[in-house]
Amino acid sequence: MSAAGAILGARSVSKSFFGNPVLRDVSIALLPGRIHALLGENGAGKSTLINLLSGTLAPDAGTLEIDGDRIAALAPRDARRLGIAVVQQELSLAPHLSIAENIGLGAAPRRWGMIDYRGLAARVAALCTGVGLTEPPELPVGRLPLGRRQLVEIAKALFRRPRVLILDEPTSSLAAPDVAMLTALVRRLRDQGVAILYISHRLNEILDFCEHVTVLKDGAVTADRPLAGLDPLGLVRLMVGRDPQDLFPPYRAQATAETVLQTNGFRSGTASGIDLTLHRGEILGLGGLAGQGQEEFLLGLAGAAPARAAQFRMTTGAKPRTAPFAGVAEANAAGLAYVPADRKREGLLQPHSIRLNLLLPGFAAHPVQRRRRAAEAATSAELAGRFTIRGDLRRPVQALSGGNQQKVALAKWLPLAPSILLLNDPTRGVDVETKREIYLALRAMAAEGKAVLLLSSDTPELVHLCDRVMVFHDGRVAALLPHGAATEEAIVAAALGLAAPAAASVPA
Amino acid sequence: MSGTVRRRLYWAIQWRRNEGLGALGIVLLAAAVLYAVLFPGIFGAGALNKFVQGWFPTALVAAAETIVMLTGGIDLAVGPMVSLGSVVAASTMQSPLGTAGGVLATLALGIGVGSFVGWVVAVARYPAIIVTLAMSFVIRGVALLILPRPGGFVPHGLSDLLAGNRPVTALLLVLLVLAWKLYQATPLGLGLVAAGDNAEGAYRSGVGVTASRISAYAASGMLQALAGLYVAAQTGSGDPLIGEPLTLAAIAAAVLGGVSFLGGQGTLRGALAGSLLMSILINVMFFLRLPLVAQYVVQGAIIVVTVALPRLRAAARRPV
């Protein structure tokens with residue numbers, strides 16, 4: 001439904017990665033002089049859509065349209081020539097080059113084949129004033145704090161005098177005065193007839209100055225309408241709500257009253273002031289938008305990142321542990337296992353056999369023992385059976401699908417009999433069937449009395465699987481929701497920094 | 001903003017790039033003073049000229065290595081390429097092609113081999129360290145096939161022009177710096193630095209990353225072949241192994257001069273200062289009658305220490 005007069009549009013585009021559909025039949029139309037908001041949860045397909053519109057990726061199906069003309073292929077170079085500029089989150093800057101060179105990179109004025117530094121300086125000076133960059137233009141970009149780099153990124157997009165400007169969370173690292181400056185600037189560009197696509201998680205910003213909204217959910221458009229008449233909770237409702245089908249095993253409360261891990265004032269990276277009480281048999285979910293500190297919290301607990309805590313007490317071992325772990329091996333020995341999100345790089349040794357991968361943590365526990373092949377075969381066969389990893393275990397692990405690889409990454413920790421499992425987004429990029437198997441395995445492990453911390457970017461998972469959900473926002477816990485109160489609306493609202501409707505009732 | 005401020009942008013950027021070179025400058029000054037004290041004869045006009053001539057091949061290959069390292073690559077075939085350059089120059093100049101033909105053949109060799117390596121790295125996307133290591137054997141082999149032992153001939157006039165008593169070499173150094181400045185001010189020149197700094201970002205910004213990389217390797221190859229031509233002029237003949245020490249010297253000079261193995265960071269002035277320091281050290285070692293292979297020990301150690309220093313400093317500063 002590409003509206004008439006659109007500068008840039010996509011018509012029924014689809015895109016899959018490794019068989020997982022990321023965008024399905026998505027249409028969008030960017031009109032001159034209109035600020036168009038693009039909204040969606042983590043993994044809803046926003047980044048993929050931006051990459052299609054800017055020529056960084058090509059759609060599997062569907063077409064792009066520029067000024068009403070269909071185009072077959074769009075390379076970044078073409079996109080720029082056609083006046084499409086994207087403000088990424090600090091992705092396109094060269095840290096050792098100056099502000100001015102970065103702004104002009106790839107588009108600087110030339111004289112006799114050489115960069116016209118005089119002309120560049122003049123245009124850069126005007127742009128920097130416009131976006132509020134007061135630093136000297138010869139300063140290397142790497143010397144700027146993150147928020148200022150974002151302004152360079154914006155100036156760089158404007159340098160190309162765009163007709164379409166795509167802003168990907170431009171305010172996420174900006175201080176309040178800079179946000180006001182940016183807002184005024186975007187309005188000015190709109191009045192000049194630029195078509196603007198604005199991606200942000202700050203709903204108030206979107207309601208404040210966008211005119212039209214496209215909402216993505218699971219790669220499909222759930223709304224394409226004017227913003228007038230919508231309130232923040234109305235927007236949240238458009239982003240969430242999925243039929244759980246039979247994906248999740250029926251929920252049963254299995255948490256006991258026995259505390260296995262307690263921390264107060266835990267800090268690691270950007271996460272700070274985190275209070276956690278984890279019980280035997282509990283599945284505790286960690287939610288929030290990407291990069292709000294939940295991952296660093298998990299890494300800090302696992303001993304993979306430096307961490308401190310006012311109070312720390314882990315009571316599963318023979319004697320209680322009272323300080324955060326300084327290393328992963330130490331944490332493993334104490335009965336804590338961390339399953340990383342990036343199974344390809346961190347979770348598994350790809351070229352090695354499934355069996356070797358399953359046995360690896362066990363090797364670490366007995367570094368100088370003669371290997372006992374028969375026992376190894378029995379152990380790996382048992383793990384494979386339990387996680388329904390089918391086929392020959394001597395195959396390299398890279399021969400498995402993503403979902404089955406995830407099962408290996410999870411199963412390999414069980415021989416160590418961990419009492420606490422830290423899972424970093426275990427179902428990301430995993431097919432539905434395998435998701436269900438992983439859910440069943442998690443439930444079974446909780447029933448055995450293990451405690452599970454489940455970081456997930458998939459909100460329904462938090463809703464249907466977890467006994468409680470901690471929602472992170474800006475490095476802190478924005479809400480702690482018990483099962484039942486942790487609805488998709490409540491989780492997403494807390495993740496976006498709105499006051500949670502059914503806020504934090506905290507069972508001990 | 002006034003016009004003068006605008007005009008100053010280029011020089012302001014250039015000035016910023018001196019950051020981090022202070023320590024090298026001090027060490028270089030100290031080495032120069034030490035050298036002058038040990039060998040006061042250096043200040044004779046002839047001696048200084050000879051010193052610059054001894055330094056020049058190292059300076060050329062340091063520049064060649066710097067271009068490649070700025071793109072995020074590395075060239076391990078610098079030494080053999082210098083040898084091949086000297087062999088090709090010396091064997092073509094005695095053929096009917098003559099002196100001019102020999103210079104052109106050497107230039108074509110450098111640009112051709114450089115472009116090929118650049119293509120393999122930038123388009124076929126093989127790691128530069130593997131490609132140039134393999135090429136170093138290919139090039140060394142070809143040089144030995146053309147001239148199994150030192151031979152060939154460089155016209156006396158050319159030798160006298162380049163390596164005689166007139167300060168032509170100093171002039172060539174100035175030309176090198178000027179050519180570099182011009183190259184760095186073109187989109188290709190700036191593009192190779194941007195590609196080394198953030199390849200994905202440069203590509204998205206519309207920088208011709210592939211073209212920048214290939215031209216960088218081509219320019220580097222040309223400088224290496226020219227260094228070979230210069231060495232042949234100095235000795236009056238071609239030598240299939242004469243460049244061998246220069247691979248390590250080029251990397252050591254670049255690293256000393258603040259050129260990063262990770263790409264995107266570094267300056268020619270730094271690399272030239274590094275090569276000058278290296279040249280002084282080699283001369284001192286020579287006068288102290290240390291065996292030639294001591295160079296390797298010193299240069300290798302310099303690379304390791306220079307690369308390790310910032311990390312040790314960062315480790316010492318790390319909190320928690």
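Q: Leaving aside neighbours within four places in sequence, what is A:Ile491 in contact with?
A: Its partners are A:Gly287, A:Thr459, A:Leu462, A:Val463, A:Val469, A:Val471, A:Leu481 and A:Ala486. Two residues are in contact if their C-beta atoms, placed from the backbone, lie within 7 Å.

Q: And what kind of model and numbering is this?
A: It's a predicted model, where local features need pLDDT of at least 70, side-chain atom pairs count only at pLDDT 80 or more, and totals for chains, interfaces and linings use all residues. Residues are numbered from 1 along each chain as its sequence is written, while chains are lettered from A and ligands numbered from 1 in the order in which they are written.

Q: OK, back to the core. Which residues have the most contacts inside the largest nonpolar core?
A: A:Ala155, A:Leu422, A:Leu454, A:Val471 and A:Ile491, in a core of 242 residues. A nonpolar core here is a set of buried Ala, Val, Leu, Ile, Met, Phe, Trp, Tyr and Cys residues joined through C-beta atoms within 7 Å. Buried means 20 or more other C-beta atoms within 10 Å of the residue's own, exposed means 12 or fewer, and partly exposed is in between, with C-beta atoms placed from the backbone.

Q: Which helix gives the largest share of this core?
A: Helix α11 of chain B, residues 209-235, with 16 residues. Helices (H or I, at least four residues) and strands (E, at least two) are DSSP runs, numbered from the N terminus.

Q: Why does this core lie between the domains of chain A?
A: Because domain 1 (8-239) and domain 2 (259-495) both give residues to it. Those bounds come from an automatic or database domain assignment.

Q: How far apart are the C-alpha centres of the two domains of chain A?
A: They lie 36 Å apart. In terms of contact, 10 residues of domain 1 of chain A meet 9 residues of domain 2 of chain A. On the domain 1 side, helix α8 (residues 232-239) of chain A gives the largest share, 4 residues.

Q: Switching to the chain contact: how many residues does each chain put in?
A: Chain A puts in 34 residues and chain B 28 residues. On the chain A side, α2 (76-81), α3 (99-104), β8 (114-115) and α4 (117-131) each supply at least two residues.

Q: What's the strand order in the open sheet of chain A?
A: The 4 strands go β2-β1-β4-β5, with antiparallel pairing. Strands pair if DSSP finds at least two bridges between them. β2 (20-30) and β5 (69-71) of chain A stand at the edges with a single partner strand each, so one side of each has no neighbour in the sheet.

Q: How many bridges join β1 to β4 in chain A?
A: There are 5 bridges between β1 (residues 8-17) and β4 (residues 61-66) of chain A. A:Ala10 stands opposite A:Leu64 in β4(A).

Q: Which residues of helix α12 in chain A are buried?
A: In α12 (residues 354-365) of chain A, A:Ile354, A:Arg355, A:Asn357, A:Leu358 and A:Leu359 are buried. Their cover includes α13 (373-386) and α14 (402-411) of chain A.
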